[in-house]
Amino acid sequence: MLSVIEQVFSSEEAHGFCQQLASSAWVDGKLSAGSQAASVKTNQHLDDRIDLARDIGDAILQRLGAHPQFVSAALPNRILPPKFNRYTGGGQYGAHIDSSIMGLPGGGQIRTDLSATLFLSRPSDYEGGELVIDTRFGAQDVKLEAGDLVLYPSTSLHCVNPVLSGARICSVFWIQSLVRDNQQREILYDLDQSVQSITLDKGPENEDVNRLTGIYHNLMRCWANT
């Protein structure tokens with residue numbers, strides 16, 4: 001399931017992040033890539049250890065933790081701290097699949113069930129740079145407004161088209177979900193969204209709302225891995 005979550009941050013908030021990040025010390029993106037990905041990656045990334053990266057990363061995680069659509073779609077168990085990348089001057093990232101296991105700061109590992117890209121640059125700030133994700137419905141080109149986020153299974157083949165002019169700045173991160181299976185997670189998301197819609201229409205005490213809520217939680221009991 002590919003989910004677009006609009007306005008995680010306002011365009012003005014995202015632009016403010018971009019302005020702070022633009023003057024930071026960017027390094028070759030190959031330094032953060034695996035051996036296979038490095039051969040198709042021509043971008044820059046920000047050192048995760050600098051205060052600015054940690055501060056903006058913490059702001060992103062705090063905002064997402066309180067975002068109902070993100071929580072419903074991702075069912076997050078653990079989230080890798082956000083990283084920041086920049087594409088300029090023809091920079092691109094060829095077709096690849098994200099690593100299945102990634103290291104956590106300070107030790108430990110995370111299984112990557114979902115990948116996320118939060119767009120910080122405005123679409124008018126750069127030409128090209130579409131995130132192209134293979135889905136069961138074919139390849140989907142994604143180029144979102146500043147502050148919007150796309151969430152998709154980490155099993156997906158994807159690439160970033162060359163940035164022909166301007167600069168594309170995004171935050172990327174990975175999620176280990178409480179529900180490992182993509183299809184099960186999609187069923188739970190659809191059910192949760194339906195429960196929320198019916199609740200608004202009929203009220204939280206409605207018998208159908210209570211029954212569907214119970215089905216949701218019983219499916220979670222069957223499928224969740226904690």
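Guide: Let's start with D48, which counts as partly exposed at 34% relative accessibility. Bear in mind that this is a predicted model.

Visitor: What makes D48 and K83 a salt bridge?

Guide: The cut-off is a Lys or Arg side-chain nitrogen within 4 Å of an Asp or Glu carboxyl oxygen. For D48 and K83, the closest N and O atoms are 2.6 Å apart, so the pair passes. D48 sits in the loop between strand 4 and helix 3, while K83 is in strand 6, so the bridge ties together parts 35 residues apart in sequence.

Visitor: How many salt bridges turn up in the whole structure?

Guide: Nine. One of them joins E13 and R63, with closest N and O atoms 3.2 Å apart. E13 belongs to helix 1 and R63 to helix 3, so this pair ties together parts that are 50 residues apart in sequence.

Visitor: What makes K202 and D208 count as a salt bridge?

Guide: Their closest N and O atoms are 3.6 Å apart; the limit is 4 Å, so they count. K202 is partly exposed at 45%, and so is D208 at 34%. These two also belong to a network of salt bridges that links K202, E207, D208 and R211.

Visitor: Back to helix 1: how do you know its span is close to what is expected?

Guide: Helix 1 covers residues 11–22, which is 12 residues. From first C-alpha to last it reaches 16 Å, and the expected span at 1.5 Å a residue is 16 Å.

Visitor: Which residues of helix 1 are buried, and why are they said to share a side?

Guide: A14, F17, C18 and L21 are buried. They cover an arc of only 100° around the axis, which puts them on the same side of helix 1. As a rule, an α-helix has 3.6 residues a turn, so residues three or four places apart point the same way.

Visitor: What lies on the other face, and what does the buried side pack against?

Guide: The face turned away from the buried side carries the exposed residues E12 and Q19. The buried residues of helix 1 pack against several elements, including helix 3 (51–65), strand 4 (44–46) and strand 6 (83–88).

How values were computed: Residues are numbered from 1 along each chain as its sequence is written. This is a predicted model: local features need pLDDT of at least 70, side-chain atom pairs count only at pLDDT 80 or more; totals for chains, interfaces and linings use all residues. Side-chain values use heavy atoms; hydrogens and water are left out. Helices (H or I, at least four residues) and strands (E, at least two) are DSSP runs, numbered from the N terminus. The expected span of a helix is 1.5 Å times one less than its number of residues. Buried means under 20% relative accessible area, exposed over 50%, partly exposed in between (1.4 Å probe, protein chains only). The arc is that of the directions from the helix axis to the C-beta atoms. Contact means heavy atoms within 4.5 Å.
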